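Please find below a colleague's note on the two-chain model you sent, to be read with the structure open beside it.

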Amino acid sequence: MGEGGKFSTLLLEGLDHYRKGRMMEAVRAWEEAYLLEPTNLRAREFLRSALERIHAHMTPNTRAREEKPAVDGTRKHPWLPPVTQPPSRPVADPAAATVVQKKRPPPATGPAPNPWDEGPSVAIPQKEEKNEPGDSVGAWSIHREPMPIEAVAPDDETEVWMRGARELVGLNDFSGALELLTKIVERKPNDPEALQMHELCEHNLTLMYESKLGSMGSRPRMAIPADEVIWLNLDPRAGFVLAQIDGEVSFEDLYAICGLKRLDTARILCQLLEEGVVQVQGQDRAVAKRAMHRS
Amino acid sequence: MGELVIGIDLGTTNSVVATVQGGVPTVIPNRSGYRITPSVVAMARNGKRLVGALARRQAVTNAERTVVAVKRLMGRRWTSKALQDTLARMPYTVVQGPHEDVRIVLGETQYSPPEISAMVLTELRLDAEAFFGEPVSKAVITCPAYFNDAQRNATKDAGRIAGLDVIRIINEPTSAALAYGFGRPQVEKQVAVFDLGGGTFDFTVLHMFKGVFEVEATGGDSLLGGEDFDSCIIDWLAEPFFTKHGIDLRKDKMSLQRLRDAAEKAKCELSNQKSVEINLPFISATQKTGPLHLQSSLTREQLESLTAELIARCLRVCEQVLGEAKVHAGALGEVLLVGGQTRMPKIQEAVKSLFGRDPSKAVNPDEAVALGAAIQGAMLLHEEQEMLLLDVTPHSLGIAIAGGFFQKIIPKNTTVPTSAHHVFTTVKDDQPSAKITVLQGESDLADDNELLGEFMLTGLRAAPRGTVDIDVIFDISADGIVSVSALDVQTGARQSITVTASSGLTEEEIQKAASANEDWMLGQKEDPEFQARKTKAEELFREFEVLWPKLTRAAQNGLGDDPLQRAQAALSVARLQVAQKESQGLAASIDRLERMLGALKGALDRGLGQEGR
């Protein structure tokens, strides 16, 4: 894998961790990505978002622990907090036990809205994980500990989500915002602000994917032999989209014939392209990958 | 080049367009390079009108906005029994039209069947124009031999909406026979046309004699075709999967679409090879097992066994038509196979065993009908020696009589032109008038037959019932126009009607639809250079849109508003140029936008305007 490919993988991994709340792992992946391509704004911006989130959510005890000097005493970037080795076992926070745990929203059953998430379509193999609070397995369990915040009523919870969604939109994290907004819309299907922001996020995400696909008139074709498809990690929808790709239909036609939401089709196509499963005619894989890294 | 004319086989499932070039009948490939265009129209979710292969590929996943087999709706009245039978099989919404006709609901718009058919014809016309490099306006279109007047008129109207001057509508089997007879002017034969298409089966017996083509009998099964063969394969694939995994793939639109595509592909391949592998990876998934794949091997023998009943149904139709025409199977001089499904070796064997002879290989099953239409078109246009095409009435014609019964006056398979009459009488004392309801069909019950028209014979003399003689006379001209008159034999009072079967559209509606279609075509004919520029501009619009939130932040943090305002202005200009199709101006705008985008990206990369820097 070339530098570009590694960078992209790290970015994806980081986003996956970020979405799942594993902030330190996200930071680690993005830090590595940042070191590979220091001029890349995306890695820098993501890294900063993750660090801000860590600081915002740390309990006083945890913050105190993390504010101790790092083992190696180094800071890689001026705005990076001191990096500590996580405790080998999770440290139970006595304060956390006395408050009602705000449950993490259950994982969405539909496609993951993050453009760089594994989603259900083309997955980056992930280790199975448990999301229950208090899970004591794993070196980075600190980030899955219950976040000790005040108990909130369901309606207030949507307000919290909405605030989060606004923040994420401000950070250009449309996928994260979309995830929250989807939950809000499920609870409040007529909330005009949520609906409007939901639409905005979908629109922006679609545009992001499409900017990676290139011309909508391009005709993608399979880049791997048909008998190797079975070794991929796809879901039936991605399998369906892939089955429609024959080098004769354009991206725009694929939107029409796949019958999925434009965003879902764009995401699947983007990921198939990125995985090297398909390629655009007249554009070799390297070019396609460069296109993926544009933005 | 002289005036161009095309021949169109407007099929239920697939359509083909052909022409005669340098005296040689030739199929015109479509713009994707294929010789067959599916007769499918769809309104994709993104609002794009799809016609042909693309429409077909999303027919299952977007079933409610995809019109297949519109031919079955052509010229039908809403109250027709045939229509109601057909509607049960249609996945899209069909509603009653304003003239007792039918309308198809596609998104927010209702279309008449001729309008949908016109979309297919327009596609074929554009293919032909791309082939010739110049406009095409004249066409001969084929229709099944059993189409009635209203259905033929609907086909003609579809042609008009598509901007075509339909110079003749000819019967499909006659057209296939014309293709067979091309270059064999002296052949005298009784020929059977075995036409098993995608959605219908038609069997016709014709007599060819020195340029005269006389249809002697025709019949068929309008609900039997190649798609039924595909369905057998789909069931064969889906059932074991259901048994093994508890998932019925036929109930999931995406899985079904993949099954349908794979089944058709396997069926076609089995015409040339003994077995095929069917691999559908990731066709489904469960929480427990993860992704599920469908992998199977189908042999030709298995396919033959699965479809044996369908083949038997075809043969039963043949026997019935031969019986009606009083023709012995062994007496036929040739059996022409038409329709892609007849490539199946087992069908060829079955035909051979029924007729005692190998079917002719002289015509291409997919192309014969279109080629015949092209030949007819060339003859009409260039006034070459015209072949005489004699048709038969595909249905019996008659009137409704007391008690709700149907009295046939001209039986089916009567060669046209023809004339026949029948004397009726009054059913009431001093009956002043008689209503003559003209019907066609085979049922003894009037209501089960198709209404062609009705009129009143008034001024009957006052007399006891059963004493007034009314002579009803049917005339069918060589063009298939039906005229009916009723005569009070004693007084000589006469009323008549010419059955001008309507397609369901008024003249005004046809003109309006034609004009809308012309506008759509203009949109399609955009200059390729402009198209490329438009695509490029749209890419740039997208890039700017994605970048805009960052630029807005950057503007607040040191970059300033000016670059954004300039970019905004340039984008507005470019958008206007796209809308107004200003190709030259758009080229300049693209250059400008590219430069701006590069500069803005550079500024962002340098961290200009970033918070905290």
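The numbered points that follow take up confidence, chain A, the interface and then some local features of chain B.

1. This is a predicted model, and the confidence values should be read with that in view. For the complex as a whole, the predictor gives an ipTM of 0.70 together with a pTM of 0.68. Chain B has a mean pLDDT of 88, with 96% of its residues reaching 70 or more. Among the elements of that chain, the lowest mean pLDDT, 66, belongs to strand E19 of chain B (residues 388-390), whereas the highest, 97, belongs to helix H8 of chain B (residues 300-306).

2. Chain A is built from twelve helices and two strands, and their order along the sequence is α-α-α-α-α-α-α-α-β-α-α-α-β-α. Of the 295 residues in chain A, 39% are buried.

3. The buried residues of H7(A) are A:Phe174, A:Ser175, A:Gly176, A:Ala177, A:Leu178, A:Glu179, A:Leu180, A:Leu181 and A:Ile184. H8(A), with 22 residues, reaches 31 Å from its first C-alpha to its last, close to the 32 Å expected at 1.5 Å a residue. The residue that follows H8(A) is A:Gly214, which has a positive phi near 90 degrees.

4. Which parts of chain A touch chain B? The contact involves 31 residues of chain A and 31 residues of chain B. On the side of chain A that touches chain B, helix H8 (192-213), helix H9 (236-244) and helix H10 (251-258) of chain A each supply at least two residues, and H9(A) gives the most, with seven residues. By class, this side of chain A has 15 nonpolar, ten polar and six charged residues.

5. Within chain B, one helix pair deserves a look. The axes of helix H3 of chain B (residues 113-132) and helix H12 of chain B (residues 507-524) come within 11 Å and cross at roughly 40 degrees, and H3(B) passes H12(B) in a right-handed crossing. From H3(B), the contact is made by B:Glu115, B:Ala118, B:Thr122 and B:Leu126, and from H12(B) by B:Ala513, B:Asn517, B:Met521 and B:Gln524. The contact of H3(B) with H12(B) has, by class, four nonpolar, three polar and one charged residues. As background, an α-helix has 3.6 residues a turn, so residues three or four places apart point the same way.

6. B:Glu100 counts as partly exposed because 14 other C-beta atoms lie within 10 Å.

7. B:Phe282 likewise is not a glycine and has a positive phi, of about 55 degrees, but B:Phe282 is found in a strand, E16 of chain B (residues 275-286). Is B:Phe282 buried or exposed? With 25 C-beta neighbours inside 10 Å, B:Phe282 counts as buried, the cut-off for that class being 20 or more.

Definitions and conventions: Residues numbered from 1 in each chain as written. Chains lettered and ligands numbered in written order. Predicted model: local features only at pLDDT ≥ 70, side-chain atom pairs only at ≥ 80, totals over all residues. Contact = placed C-beta atoms within 7 Å. Helix = DSSP H or I, 4+ residues; strand = E, 2+ residues; numbered from the N terminus. Nonpolar A, V, L, I, M, F, W, Y, C, P; charged D, E, K, R; others polar. Axes fitted to C-alpha atoms, helices over the stretch in contact; angles between N-to-C directions. Left-handed = near helix turned anticlockwise from the far one by under 90°. pLDDT = per-residue confidence, 0-100. Buried ≥ 20, exposed ≤ 12 C-beta atoms within 10 Å, placed from the backbone. Expected span 1.5 Å × (residues − 1).
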